[in-house]
Amino acid sequence: MNEVNGMTGRRDVCAPSAEDLQSDVPYVRGWMDGRRGADALADALRALGLETDLPGLRADVNVRGDGIVCLGKVRPSAAELLTRALTAGLSVDMARNAARPPSSSQPDAPTA
């Protein structure tokens with residue numbers, strides 16, 4: 001199986017050496033997507049007090065031009081805290097979704 005963790009295959013993330021790059025792939029655009037993701041994650045990590053726990057956090061791009069975020073080496077305690085934060089956020093999101101009334105298939109008619 002080519003999956004690392006059930007979400008992304010190892011070959012989709014790890015970029016081969018520069019001689020494998022292709023001239024028609026928008027690598028800069030992909031890297032900028034990765035940069036936006038890495039910056040957003042860095043902001044969230046700062047809010048959790050983890051800014052020094054993921055020193056390898058950086059943007060990158062794979063050979064297909066897809067932006068990626070590399071976490072680098074992470075201490076086990078930082079990974080556990082990050083996992084708890086993600087789990088708590090998902091739990092809150094799921095509770096909000098469960099509390100919402102089901103949306104109707106028909107939009108409300110405007111009142112005259």
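This section describes the confidence, strand pairing, surface patch and salt bridges of a predicted model. The protein chain has an average pLDDT of 78, and 71% of the residues score at least 70. Over residues 1-8 the pLDDT stays under 50, and the model has 8 contacts beyond four places in sequence for this segment.

Strands β1 (residues 58-61) and β2 run antiparallel and are joined by 4 bridges. Within this pairing, Asp60 stands opposite Ile68 of β2. The hairpin has 5 residues between the strands, and Gly65 adopts a positive phi near 90° there. Strand β2 (residues 67-70) presents Ile68 and Cys70 on a covered face, whereas Gly67 and Val69 lie on an uncovered one.

A nonpolar surface patch is formed by Val28, Trp31 and Met32, which together have about 280 Å² of accessible area. Trp31 is located in helix α2 (residues 27-47) and counts as partly exposed, because its relative accessibility is 31%.

The model contains 6 salt bridges. One of them joins Asp39 to Arg35, with the closest N and O atoms 3.4 Å apart. Both residues belong to helix α2 and are separated by 4 residues, about one turn of the helix. Asp39 is partly exposed at 37% relative accessibility, and Arg35 is partly exposed with a relative accessible area of 37%.

A salt bridge also forms between the side chains of Arg75 and Asp53 (2.7 Å, N to O). This pair links distant parts of the chain, 22 residues apart: Arg75 lies in the loop between β2 and α3 (76-99), and Asp53 in the loop between α2 and β1. Arg75 is partly exposed at 46% relative accessibility, whereas Asp53 is buried at 11%.

Methods: Residues numbered from 1 in each chain as written. Predicted model: local features only at pLDDT ≥ 70, side-chain atom pairs only at ≥ 80, totals over all residues. Heavy atoms only, no water. Buried < 20%, exposed > 50% of the residue type's maximum accessible area, 1.4 Å probe, protein only. Helix = DSSP H or I, 4+ residues; strand = E, 2+ residues; numbered from the N terminus. Pairing = 2+ DSSP bridges. Patch = residues over 30% accessible without salt bridge, like charges linked within 9 Å, V, L, I, M, F, W, Y side chains within 5 Å. Areas by Shrake-Rupley, 256 points an atom, 1.4 Å probe, with all protein chains shown as cover. Salt bridge = Lys/Arg side-chain N within 4 Å of Asp/Glu carboxyl O. pLDDT = per-residue confidence, 0-100. Contact = heavy atoms within 4.5 Å.
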